[in-house]
Amino acid sequence: MSRLVYLVMTIPILTAAALVANRTDSTARAADQASKAPYTVQDGNKVDPKTLDGWKTWRALACERCHGAEQEGAVGPSLVTSLKTLSKEDFHTTVIDGRAEKGMPPWGASDMMQKNWEGLYAYLKGRADGNIKPGHLFAMAQ
C-alpha cells in the first residue's frame, strides 16, 4: 500500500518538474534566438550603428526605386517577405553579384555596399521580422 501512495504522489511531482524544465528550455531557446538577431532595435526606429549604416546604404543607393519605400516591393520583390527566408549568404550573393535575369544590378563595385552589406542585411531582416518600422532610423542612445 505504501508503494501505491508513493507512486501516486510521485507522478504529479515528476510531471510538474517536466513542465518546468520544458518551459525553461523554451524560454532559453527564445532568448538564444533573440540574441542571434543581426540587429538591435529600440522603439522600432532606434538601431545599433551597423544597422544604421545599413539603412544609410539603402537610402544612398536608392534601393527603394525597385523595392519600394517600405521594402514591400515595386518593380522588384518585397524584401519584407524575401528576408523572412533568405539566408545571409544568399543575400550577400544577390547584392554583390546581382540577378541580371530579374533586373537586379550587381552592387559589388560599390565601396559603400562592400562595407555595409551586413548592416543592410540587418536592417532588412529587422524589417522582415517586424521589429524595425518603416521610415527614418536613428542611432540608439549610448
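The legends below describe several close-up views of one predicted model.

The model is predicted, so local features need pLDDT of at least 70 and side-chain atom pairs count only at pLDDT 80 or more, while totals for chains, interfaces and linings use all residues. Residues are numbered from 1 along each chain as its sequence is written, and side-chain values use heavy atoms, with hydrogens and water left out.

**View 1. Helices H5 and H6 cross at roughly 130°.**
Helix H5 spans residues 88-97 and helix H6 spans residues 111-129; helices here are DSSP runs of H or I with at least four residues, strands are runs of E with at least two, and both are numbered from the N terminus. The axes of H5 and H6 come within 10 Å. Axes are lines fitted to C-alpha atoms, for helices over the stretch in contact, and angles run from 0 to 180 degrees between N-to-C directions. H5 and H6 are therefore oblique to each other (angles under 35 degrees count as roughly parallel, over 145 as roughly antiparallel, 65 to 115 as roughly perpendicular and the rest as oblique). On the H5 side, Lys88, Phe91, His92, Val95 and Ile96 take part in the contact, which means heavy atoms within 4.5 Å. Their partners in H6 are Met113, Gln114, Trp117, Glu118, Leu120, Tyr121 and Leu124. By class, the residues of this contact are eight nonpolar, two polar and two charged; Ala, Val, Leu, Ile, Met, Phe, Trp, Tyr, Cys and Pro count as nonpolar, Asp, Glu, Lys and Arg as charged, and the others, Gly among them, as polar.

**View 2. Helix H2 packs against H6 at an angle of about 110°.**
H2 covers residues 49-60, and its axis is 7 Å apart from that of H6. That angle makes H2 roughly perpendicular to H6. Residues of H2 in the contact include Trp55 and Trp58, and those of H6 include Met112, Asn116 and Tyr123. The contact of H2 with H6 has nine nonpolar, five polar and four charged residues.

**View 3. Lys84 lies in the loop between helix H4 (79-82) and H5.**
Lys84 is exposed, with a relative accessible area of 51% (buried means under 20% relative accessible area, exposed over 50%, and partly exposed in between, with a 1.4 Å probe and protein chains only). Lys84 touches Lys125 and Ala128, when residues up to four places away in sequence are not counted. Lys84 and Lys125 are 41 residues apart along the chain, and their C-alpha atoms are separated by 7.2 Å.

Cys63 is buried, at 12% relative accessibility, whereas Cys66 is partly exposed, at 33%.

**View 4. Asp43 has a positive phi although it is not a glycine.**
The phi of Asp43 is about 55°. Asp43 is found in the loop between strand S1 (41-42) and strand S2 (46-47). With 65% relative accessibility, Asp43 counts as exposed.

**View 5. Ala62 is a residue other than glycine with a positive phi.**
The phi of Ala62 is near 55°. Ala62 is placed in the loop between H2 and helix H3 (64-67). At 18% relative accessibility, Ala62 counts as buried.
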